Amino acid sequence: MNVVIIGNSAAGISAAETVRRLNKKAEITIISGESLPPYLRCLIYEVLSGKKNLSGIYYRHSSFFYDNRFNLINGRAVEIKPEVKKVFLDDGKELSYDRLLVCTGANPIPLDVDTQNIIGVSSLHTYQQAANAAILAKDAKTAVVVGGGLVGLKAAWGLTQRGIQVTVVEKASHILSRQLDEKSSSLVETGLTRLGVRFIYDTVPIQFITDKNNRVKKVVLENGLEIPSDLVISSRGVRPNTSLVDKAKGITAKGIVVNEYLSTSLPDIYAAGDCIEIPDALTGEKTPSGLWPLAVEQGRYAAYNLSGYKRLYPHPITNLNAAQISNVPFVSVGTINSEADHIISDECPKSYRKLIIKNDKLIGFIMAGVVENAGVYTSLIKSGKLISSKLKEKLFNGTLTGADLII
Amino acid sequence: MRKEVLIRYDRCMGCRSCELACAVAHSESKSLMGALTEDKKPLKRIYVHQVENKKIPINCRHCEDAPCIDACITGAMHRTETGAVTNEGGLQDCTGCWMCVMVCPYGVIRSIPDERKAVKCDENCLDEFGTPSCVRACPTKALTFVDVDDFSRTRRNEFLISALAQQN
């Protein structure tokens, strides 16, 4: 069997490893758009901060491709022709496949302002972008981060560690609006404010003012403010990269549409990771997958299915995030902004906990400041278990442990 | 053959000897008196919880398709050659992102925010016979260290015996 995988990150690598485990003889080819070894995309802010270089964010040894007999091809896939089972690359090369797995990831959402000829405006999606921004950061005194999501805040934190005065510009009324509510996000905000980061809400950049060398110097905001800025990091989120499947006339919506076996609408073509959309386990709503852990598990499921071992991929929880930004750890799982029968919310000066219960089931939670035992709550959500009065008491007073779920 | 810790809940008296032995095994000095005097308090990686009147020791199962390995975004959590799942000695260091804490259904990965490090069972405590410190310390044999196949065979036998006893 000849398996071609487009993409060299979480989904692609986990799929390749699984196919190899299942089939020692399979021909496995990985097409990588970036000519770099597999690296941890979630850690590239550490490249921006100057704390790590490429060798600090690898996640497979350099001998990985050789040891597993994977053919690595550096290049970009530009077209798929399902009728002849071929992938075409930007250098004119063509590859035949028996099964194709599309793991093309997601692309950053561009700013509304044209920044094409401006130096010093970058998104933080690839290692190369982070490395380039890190060079610009060396002589920068001020920076603006557009977007207060996870990537933006990690970038703001990284730049602050370099002694740069950072301003975060957020369109919504609080940061991390997809993961946290106002109270928990204010804990994260306070942690960063203490380090010197400034926050401006409810506005977006409308213009970038540059010097004679086209280097950005100031950001003009919709609310009239002008912020000095030698560097702008754009982190407005990402959109699934569906272009190859679109072009091949496969079905796509917010992301590539796949069935419960992660198969696309095109014959013998599967898709996994940030490029797909998937129904959320709790709401049923189709959501771009967009999370590292989901990409890893989808890569594994897709590998089973394309190898001929049918494995139904259960709908995942699509909000599943944990991080620590400055000194505030937090976890956010499930539905956090919804109509609920019951919301438990505990507040201490340094920690916060919110549980959302609907129809006697836990459907979401936020923990900030203290995240111990978070996985037990995640497991309770996944199980869809009805919460007994005894369990409710433990949920209320925060004494739930793994033991309560196995007995 | 990989061995795992089998827990017989009905035998546990909640003496917490396993917790103590685990912490000592992860101390600098590896002795109880020494551990007490260390500046950095050694941490246990097994927990005895109480559910109603039952004592429930709970520890890492070193799961197959371990969710903590899938979730690790820093390349630290991995499976060793002996089959143990650990965030120590991997390709990269743990940076304390807490993704593993978020997905462990047993709640046996601890978060140490000040150190930016997750702490879990690493099986780095085996004695000269290959027995983990928690198992060695258990006075009632509630914890045993058995071959994975024997483990399921023993559990099946126990289940059949109790089912037959109920029928009779």
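These notebook entries record what I looked up in the structure, which is a predicted model.

**Entry 1: the contact between the chains**

I began with the place where the two chains meet. Chain A contributes 47 residues to the contact, and chain B contributes 35 residues. I then looked up the size of this interface. The size of an interface is often given as the accessible area lost when the parts come together. For chain B and chain A, the buried area is about 3,000 Å², with 60% of it on carbon and sulfur atoms. On the side of chain B, the residues that lose the most area to chain A are B:Asp70, B:Ile73 and B:Met102, which together make up 22% of what that side buries.

**Entry 2: polar links and the touching side of chain B**

I next recorded the polar links across the contact. Between chain B and chain A there are five salt bridges. I also noted twelve residue pairs in polar contact between these chains, both residues being at pLDDT 80 or more. I asked which elements of chain B each supply at least two residues of the side that touches chain A. They are strands E2 (47-51), E3 (54-58) and E6 (110-112), with helices H3 (67-71) and H4 (99-103). Helix H4 of chain B gives the largest share, four residues. By type, the residues of this side are 19 nonpolar, nine polar and seven charged.

**Entry 3: salt bridges between the chains**

I looked at single pairs that cross the contact. A:Lys390 and B:Glu52 form a salt bridge through their side chains, at 3.8 Å from N to O. A:Lys390 belongs to helix H10 (residues 389-397) of chain A, while B:Glu52 is in the loop between E2 and E3 of chain B. Are these two residues buried or exposed? I found both A:Lys390 and B:Glu52 exposed.

A second pair is B:Asp65 with A:Arg300, whose side chains meet in a salt bridge at 3.7 Å, N to O.

**Entry 4: salt bridges within a chain**

Over all chains, the search of the whole structure gave 27 salt bridges. One of the salt bridges I looked up joins the side chains of A:Asp268 and A:Lys85, at 2.6 Å from N to O. This pair links distant parts of the chain, 183 residues apart. A:Asp268 is in the loop between strands E18 (256-257) and E19 (269-271) of chain A, and A:Lys85 is in the loop between strands E4 (77-81) and E5 (86-89) of chain A. A:Asp268 has a relative accessible area of 26% and is therefore partly exposed. A:Lys85 is also partly exposed, at 26%.

B:Arg45 counts as buried because its relative accessibility is 10%, and B:Asp122 is buried at 11%. I also noted one network, in which salt bridges that share partners join A:Arg300, A:Arg311, B:Asp65 and B:Asp70.

**Entry 5: a covered strand in chain A**

I turned to strand E10 (residues 142-146) of chain A, where five of its five residues are buried. In a regular strand the side chains alternate between the two faces of the sheet. In E10 of chain A, A:Thr142, A:Val144 and A:Val146 point one way, and A:Ala143 and A:Val145 the other way. E10 pairs with strand E11 (residues 165-170) of chain A in the parallel sense, over five bridges. Within E11 of chain A, A:Thr167 is the bridge partner of A:Val144.

**Entry 6: B:His78**

Finally, I looked up B:His78, which lies in strand E4 (residues 78-79) of chain B. A polar atom of its side chain is 2.9 Å from the backbone oxygen of B:Ala76.

Terms used. Residues numbered from 1 in each chain as written. Chains lettered and ligands numbered in written order. Predicted model: local features only at pLDDT ≥ 70, side-chain atom pairs only at ≥ 80, totals over all residues. Heavy atoms only, no water. Contact = heavy atoms within 4.5 Å. Buried area = accessible area lost by both parts, 1.4 Å probe. Salt bridge = Lys/Arg side-chain N within 4 Å of Asp/Glu carboxyl O. Polar contact = N/O pair within 3.5 Å; in protein donor to acceptor, adjacent residues only side chain to side chain. Nonpolar A, V, L, I, M, F, W, Y, C, P; charged D, E, K, R; others polar. Buried < 20%, exposed > 50% of the residue type's maximum accessible area, 1.4 Å probe, protein only. Pairing = 2+ DSSP bridges.
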